[in-house]
Amino acid sequence: MIKIEIQRQDSKITYFEIRGHANFSEYGEDIICAAVSSVGQMTVNGLIEILKLKGKLKFTEKNGYISCDLKNSGLTNDELKKADILVESMYSYIKDVAKSYNNFVKLKEIKKK
């Protein structure tokens, strides 16, 4: 199962983590793993390449695991506003995948004050 954790503070996503494998199909043919890992990688790549946050962004990408800590990356308010667009887009997509494939994807959302 793919486990996704989204942390929010003041309604903004401050951290996300994607881990595990769906085991929906054979390795290399699993459309759920491909969908979730693609949107996670696209989001991190967008933050680094498009928003030019390379060197600032605290993230980890390895086999079956992606995490991104926006809160502790030392981003400016303007950078956080722009990042929010990308991570909310990712969340919207992941929410739909988790709803459609709830036996293979678990989405957990934590709201902090």
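Predicted model: local features only at pLDDT ≥ 70, side-chain atom pairs only at ≥ 80, totals over all residues.

Colleague: Is Asp-84 buried or exposed?

Modeller: Asp-84 has a relative accessible area of 14%, under the 20% cut-off, so it counts as buried. Lys-12 is partly exposed, at 44% relative accessibility.

Colleague: What else does Asp-84 touch, leaving out residues up to four places away in sequence?

Modeller: With those left out, Asp-84 touches Lys-12 and Ile-13.

Colleague: OK, and which salt bridge does Glu-17 make?

Modeller: Glu-17 pairs with Arg-19, and their closest N and O atoms are 3.0 Å apart. Glu-17 is buried, with a relative accessible area of 11%, while Arg-19 is partly exposed at 33%.

Colleague: Where does Glu-17 sit in the strand pairing?

Modeller: The bridge partner of Glu-17 is Ser-67 in S4. S2 and S4, which covers residues 65-69, pair antiparallel over 5 bridges.

Colleague: What about S1 and S2, how many bridges do they have?

Modeller: S1 and S2 are joined by 7 bridges and run antiparallel. Gln-9 stands opposite Lys-12 in S2. The hairpin of S1 and S2 has 2 residues between the strands, and Asp-10 takes a positive phi near 50° there.

Colleague: How many residues of S2 are buried?

Modeller: S2 is mostly covered, with 6 of its 8 residues buried.

Colleague: Back to H2. What span should it have, and what does the model give?

Modeller: H2 runs over residues 77-100. At 1.5 Å a residue, its 24 residues should span 34 Å, and the end C-alpha atoms are 34 Å apart, so the two agree.

Colleague: Which residues of H2 are buried?

Modeller: The buried ones are Glu-79, Ala-83, Asp-84, Val-87, Met-90, Tyr-91, Ile-94, Val-97 and Ala-98.

Colleague: And what do they pack against?

Modeller: The buried residues of H2 pack against strand S1 (2-9), strand S2 (12-19), helix H1 (31-50) and strand S5 (105-112).

Colleague: Which residue does Lys-82 meet in a salt bridge?

Modeller: Lys-82 meets Asp-78, at 3.4 Å from N to O. They are 4 residues apart in helix H2, so about one helical turn separates them. In general, an α-helix has 3.6 residues a turn, so residues three or four places apart point the same way.

Colleague: How accessible are Lys-82 and Asp-78?

Modeller: Lys-82 has 44% relative accessibility and counts as partly exposed. Asp-78 is partly exposed too, at 44%.

Colleague: Which residues are linked in a network of salt bridges?

Modeller: Arg-8, Glu-88 and Glu-109 are linked in a network.

Colleague: Changing topic: which residues make the nonpolar surface patch?

Modeller: Phe-24, Ile-31 and Tyr-101 make the patch, which is about 270 Å². Tyr-101 lies in the loop between H2 and S5. It counts as partly exposed, at 31% relative accessibility.

Note on methods. Residues numbered from 1 in each chain as written. Heavy atoms only, no water. Contact = heavy atoms within 4.5 Å. Expected span 1.5 Å × (residues − 1). Buried < 20%, exposed > 50% of the residue type's maximum accessible area, 1.4 Å probe, protein only. Patch = residues over 30% accessible without salt bridge, like charges linked within 9 Å, V, L, I, M, F, W, Y side chains within 5 Å. Areas by Shrake-Rupley, 256 points an atom, 1.4 Å probe, with all protein chains shown as cover. Salt bridge = Lys/Arg side-chain N within 4 Å of Asp/Glu carboxyl O. Pairing = 2+ DSSP bridges.
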